[in-house]
Amino acid sequence: MGLEQSLPRLGVGKLFFGWIKSNEMAIYCVVFAADVAKPPGFVMAMFLAVLRGVDNEQVNAARVDGAKTWQIYLRIIIPQRAGVRFRLLILAHMAIKSYDLVVAF
């Protein structure tokens, strides 16, 4: 594997990736690649979209009034993000979709 050869050249040390290449571990690698590795990125993108949707004029007005960062989050940003429940429904849907991987496993 390229990563297995490149890391020692960078001074990281010798890492062994034989478990990825073994026949016994193939199903675990497929499950990891298909289901475990993609939801964290999706969740991070969702919450970044949530934070980007906050009205900047209200945040700037609170800063002018002397509000601290924790007060801005507690009283402006979090109340505006009540629509996060919809995003949690999407995540629950993703969890249900992973049922086939559990059955295949």
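This is a predicted model: local features need pLDDT of at least 70, side-chain atom pairs count only at pLDDT 80 or more; totals for chains, interfaces and linings use all residues.
Two residues are in contact when they have heavy atoms within 4.5 Å of each other. Residues are numbered from 1 along each chain as its sequence is written, and side-chain values use heavy atoms, with hydrogens and water left out.

**Overall build**
- You'll find eight helices and zero strands here, and from the N terminus the order reads α-α-α-α-α-α-α-α.
- Helices (H or I, at least four residues) and strands (E, at least two) are DSSP runs, numbered from the N terminus.
- Of the 105 residues, 15% are buried; buried means under 20% relative accessible area, exposed means over 50%, and partly exposed is in between (1.4 Å probe, protein chains only).
- The protein exposes about 8300 Å², with 65% of that coming from carbon and sulfur atoms; areas are by the Shrake-Rupley method with a 1.4 Å probe, and for residues only the protein chains shown count as cover.

**The nonpolar patch**
- Trp19, Ile20, Met25, Ile27, Tyr28 and Val30 make a nonpolar surface patch of about 520 Å².
- Patch residues have over 30% relative accessible area and no salt bridge; nonpolar side chains (Val, Leu, Ile, Met, Phe, Trp, Tyr) are joined within 5 Å, like charges within 9 Å.
- A salt bridge, for the record, puts a side-chain nitrogen of Lys or Arg within 4 Å of a carboxyl oxygen of Asp or Glu.
- Both α2 (18–21) and α3 (26–36) supply at least two residues of the patch, and α3 gives the most, with three.
- Met25 sits in the loop between α2 and α3 and counts as partly exposed because its relative accessibility is 30%.

**The largest pocket**
- Its volume is about 170 Å³, taken as the space filled by probe spheres set on grid points joined across faces, edges and corners.
- The lining is Leu51, Arg52, Val54, Asn56, Val59, Arg63, Tyr73 and Ile77.
- Two or more lining residues come from each of α4, α5 (56–64) and α6 (69–80), and α5 gives the most, with three.
- On a 1 Å grid over the protein atoms alone, a pocket is an open set of points where a 1.4 Å probe fits, with protein on both sides within 12 Å along at least five of seven lines; lining residues have an atom within 4 Å of a point.

**Two residues to look at**
- Ile76, in helix α6, counts as buried because its relative accessibility is 16%.
- Beyond its neighbours within four places in sequence, Ile76 is in contact with Gln58, Val59, Ala62 and Gln71; its C-alpha is 8.6 Å from that of Ala62, 14 residues away in sequence.
- Phe47 belongs to helix α4 (residues 39–52) and, at 36% relative accessibility, counts as partly exposed.
- Phe47 and Arg81 are 34 residues apart along the chain, with their C-alpha atoms separated by 9.7 Å.
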